[in-house]
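User: Can you walk me through this model? I'd like to start with the metal site and then move on to the sheets.

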Amino acid sequence: MPLRASDLLTLTREGLYCPLGRFHVDPTHPVERALITHGHADHARAGHGTVLATPETLRIMAVRYGEGFCATRQEARLGERMRIGDVTVFFAPAGHVRGSAQIAIERAGQRIVVSGDYKRAPDPTCLPFEVVPCDVFITEATFGLPVFRHPDTRGEVRKLIESVTLFPERAHVVGAYALGKAQRVMALLREEGWDRPIFLHGAMEKLTDLYKREGVPLGETPKVAASERKDLHGAIVLCPPSSIQDLWSRKFPDPVTAFASGWMRVRARARQKGVELPLVISDHSDWPDLCRTISDTGAEEVWVTHGQEDALVHWCGTQGIRAEPLHLLGYGDDGEAEPDPGQEPHMEEASA
Ligand SMILES: [Zn+2]
Ligand SMILES: [Zn+2]
């Protein structure tokens with residue numbers, strides 16, 4: 001009897017499980033052996049036995065949770081095949097945040113790819129997404145509606161620089177998630193020629209330092225807490241999204257509030273959050289890239305998770321691809337999850 005996809009991967013209470021390899025992928029609860037796609041809190045949790053992930057993701061987890069975040073660490077080298085139980089596994093870049101990877105699981109000529117979160121847009125802080133041909137592709141759907149088309153990030157970053165030129169006395173306080181988005185915004189600012197210091201909220205420091213240690217050039221990033229008010233006129237300041245409206249941001253001279261997120265494409269959302277300068281910068285794929293990627297993999301079957309599954313499942317149907325939603329509770333907390341209209345503050349939490 002041929003192997004079925006469900007023999008390679010099934011859904012358990014802890015999340016995706018490979019019975020033939022006896023491991024979980026991005027489990028939501030502590031397990032014996034976890035394979036982790038990337039360091040966002042909804043995918044990478046503390047308390048597992050063995051964790052297999054890219055060296056970057058392992059270091060990110062150590063920074064966030066402490067060195068004892070798991071019992072044993074195992075490094076996954078991109079593209080290197082590893083035998084685990086009765087399956088073969090390899091990691092490939094996902095282009096989402098530093099260290100992020102897709103995980104391919106193979107057995108008897110059948111390949112299933114868990115992409116984790118991914119994007120195709122360029123990001124100077126991580127390796128670009130690599131298409132891995134497969135039989136079954138598990139895709140996210142954070143921005144899985146045709147209305148979501150992310151603009152070129154250069155234009156978004158220039159808007160920020162232009163605003164500083166226009167209002168040289170005002171501090172520009174930019175909300176950005178602490179892992180990935182903040183460092184990407186800094187790197188993009190540098191690419192656009194911003195060579196002045198970029199001031200950081202304390203919550204951004206550790207991960208930014210890690211990126212720097214790993215060789216991502218982010219320039220001078222002084223702490224706000226150690227800076228004088230006079231230095232903050234016309235300054236660009238990065239902070240967790242929840243801080244843009246709280247008392248913390250009020251200590252700046254006449255602040256312009258900005259927020260870097262794919263959700264800033266929705267004007268009402270920006271207004272509602274009191275964001276003066278919305279910057280549409282997303283670490284997730286927009287609709288055209290989700291569709292393109294599914295086609296590129298050549299998968300005959302697609303499982304859709306992480307947000308707006310329905311439209312993408314329907315689109316797959318129009319392409320003759322079998323698809324079904326995969327409801328994984330607990331995912332989508334990395335800052336760009338679809339905010340539930342009933343509990344709007346959700347999108348501000350989970351700064352990481
Ligand atoms: Zn993520
Ligand atoms: Zn996620």
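This is a predicted model: local features need pLDDT of at least 70, side-chain atom pairs count only at pLDDT 80 or more; totals for chains, interfaces and linings use all residues.

User: Which residues coordinate the zinc ion (ligand 2)?

Analyst: Asp42 (OD), His43 (NE2), Asp117 (OD) and His306 (NE2) coordinate the zinc ion (ligand 2), at 2.1 to 2.7 Å.

User: How are those donors spaced along the chain?

Analyst: The donors of the zinc ion (ligand 2) follow D-H-x73-D-x188-H.

User: And is the site of the zinc ion (ligand 2) tetrahedral or irregular?

Analyst: The site is irregular, with angles of 84 to 148 degrees among its 4 donor atoms. For reference, ideal tetrahedral angles are 109.5 degrees.

User: How far apart are the zinc ion (ligand 2) and the zinc ion (ligand 1)?

Analyst: The two ions are 3.7 Å apart. Asp117 coordinates both.

User: Back to Asp42 and His43: buried or exposed?

Analyst: Asp42 has a relative accessible area of 1%, and His43 also has 1%. The cut-off for buried is under 20%, so Asp42 and His43 are both buried.

User: Changing topic. What is the strand order in the open sheet of 6 strands?

Analyst: The order is β1-β2-β3-β4-β5-β6, with mixed pairing. The edges are β1 (10-12) and β6 (70-75), each of which pairs on one side only. On average, neighbouring strands in this sheet are turned by 35 degrees against each other, direction ignored.

User: In which sense do β3 and β4 pair?

Analyst: Strand β3 (residues 23-25) and strand β4 (residues 33-35) pair in the parallel sense, over 2 bridges. His24 has Ala34 in β4 as its bridge partner.

User: Now β14. Which of its residues are buried on each side?

Analyst: Strand β14 (residues 236-239) has Ile236 and Leu238 buried on one side, and Val237 and Cys239 buried on the other. Both faces are therefore covered.

User: How many bridges does β14 make with β12, and how many with β13?

Analyst: Strand β12 (residues 172-175) pairs with β14 over 4 bridges, in the parallel sense. Strand β13 (residues 198-200) also runs parallel to β14, joined by 3 bridges.

User: What stands opposite Leu238?

Analyst: Val174 stands opposite Leu238, and Leu238 is also the bridge partner of Leu200.

User: Last one: what is the handedness of the β-α-β unit with β13 and β14?

Analyst: The unit is left-handed, and it is made by β13, helix α5 (residues 205-213) and β14.

Technical notes
Residues are numbered from 1 along each chain as its sequence is written. Chains are lettered from A and ligands numbered from 1 in the order in which they are written. Side-chain values use heavy atoms; hydrogens and water are left out. Donors are N, O and S atoms within 2.8 Å of the metal (3.2 Å for Na, K and Ca); water is not among the atoms, so sites may look incomplete. Four donors count as tetrahedral if all angles lie between 85 and 135 degrees; four count as square planar and six as octahedral if opposite donors are over 155 degrees apart and all others between 65 and 115; anything else is irregular. Buried means under 20% relative accessible area, exposed over 50%, partly exposed in between (1.4 Å probe, protein chains only). Two strands pair if DSSP finds at least two bridges between them. Axes are lines fitted to C-alpha atoms, for helices over the stretch in contact, and angles run from 0 to 180 degrees between N-to-C directions. A crossover is right-handed if, with the strands pointing away from the viewer, the path from the first strand over the helix to the second runs clockwise.
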